[in-house]
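Here is my note on the model, point by point. Please keep the structure open while reading.

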Amino acid sequence: MNLLIKLLLNAIAVFILAHILDGVKVDSYGIAIIVAIVISVLNTVVKPLLVILTLPITIITLGLFLLIINASIILLANKLVDGFYVDGLFTALLFSLLLSILRSMLYFVFKDKKSNSD
């Protein structure tokens with residue numbers, strides 16, 4: 001799937017969840033696009049470092065600590081982007097879970113349909 005389409009789908013997911021969840025606020029759709037970019041960059045750069053540093057805790061908790069890492073990525077995006085607000089850790093945890101589910105559903109609906117006929 002094209003990177004730009006994934007970015008726009010992520011922004012749509014952020015925008016929808018901001019309107020559904022009480023503890024999350026996005027000022028505009030443009031801010032939602034910026035949040036999608038920031039979360040993507042943080043997931044690419046910061047998340048692998050956090051996973052490596054917390055590997056023993058992640059193994060002991062059978063991977064559940066990754067939920068806390070995802071919530072911390074959302075809270076970091078909250079600090080970096082003006083116009084994006086998340087109330088706390090529990091809200092960030094719920095937001096990250098719902099964001100993953102909604103993104104998966106949107107990717108499934110808008111996935112590339114490649115024909116296998118030769």
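**Notes on the predicted model**

1. Start with Leu9. At 6% relative accessibility, Leu9 counts as buried, because the cut-off for buried is under 20%. Leu9 has its place in helix H1. Keep in mind that this is a predicted model.

2. Leu9 also gives a distance to check. Leu50 is 41 residues away from Leu9 along the chain. The C-alpha atoms of Leu9 and Leu50 are separated by 26 Å.

3. Next, Asn10. This residue lies in helix H1, which spans residues 3-20. Is Asn10 buried or exposed? Asn10 is buried, because its relative accessible area is 7% and the limit for buried is under 20%.

4. What does the side chain of Asn10 pair with? A polar contact of 3.0 Å links it to the side chain of Tyr107. Tyr107 is also on the list of residues that Asn10 touches, along with Ala36, Ser40, Leu99 and Arg103. That list leaves out residues up to four places away in sequence.

5. Now the core. The largest nonpolar core has 29 residues. Ile74, Phe84, Phe95 and Leu99 have the most contacts inside it. Two or more residues of this core come from each of these elements: H1, strand S1 (24-26), helix H2 (29-53), helix H4 (65-80), strand S2 (84-86) and helix H5 (89-109). As background, nonpolar side chains tend to be buried together in soluble globular proteins.

6. Look at Ile74 in detail. Leaving aside residues up to four places away in sequence, Ile74 touches Ile39, Phe84, Val86, Ala92, Phe95, Ser96 and Leu99. Leu99 is also touched by Asn10.

7. Ile20 is found in helix H1. Ile20 counts as exposed, because its relative accessibility is 57% and the cut-off for exposed is over 50%.

8. Last, charge pairing. How many salt bridges does the structure hold? It holds one. Asp27 forms a salt bridge with Lys25, and their closest N and O atoms are 3.4 Å apart. In general, side chains of opposite charge can pair when their charged atoms come close.

9. Asp27 counts as partly exposed, at 44% relative accessibility. Lys25 counts as partly exposed too, at 47%.

Methods. Residues numbered from 1 in each chain as written. Predicted model: local features only at pLDDT ≥ 70, side-chain atom pairs only at ≥ 80, totals over all residues. Heavy atoms only, no water. Helix = DSSP H or I, 4+ residues; strand = E, 2+ residues; numbered from the N terminus. Buried < 20%, exposed > 50% of the residue type's maximum accessible area, 1.4 Å probe, protein only. Polar contact = N/O pair within 3.5 Å; in protein donor to acceptor, adjacent residues only side chain to side chain. Contact = heavy atoms within 4.5 Å. Core = buried A, V, L, I, M, F, W, Y, C linked by side-chain atoms within 4.5 Å. Salt bridge = Lys/Arg side-chain N within 4 Å of Asp/Glu carboxyl O.
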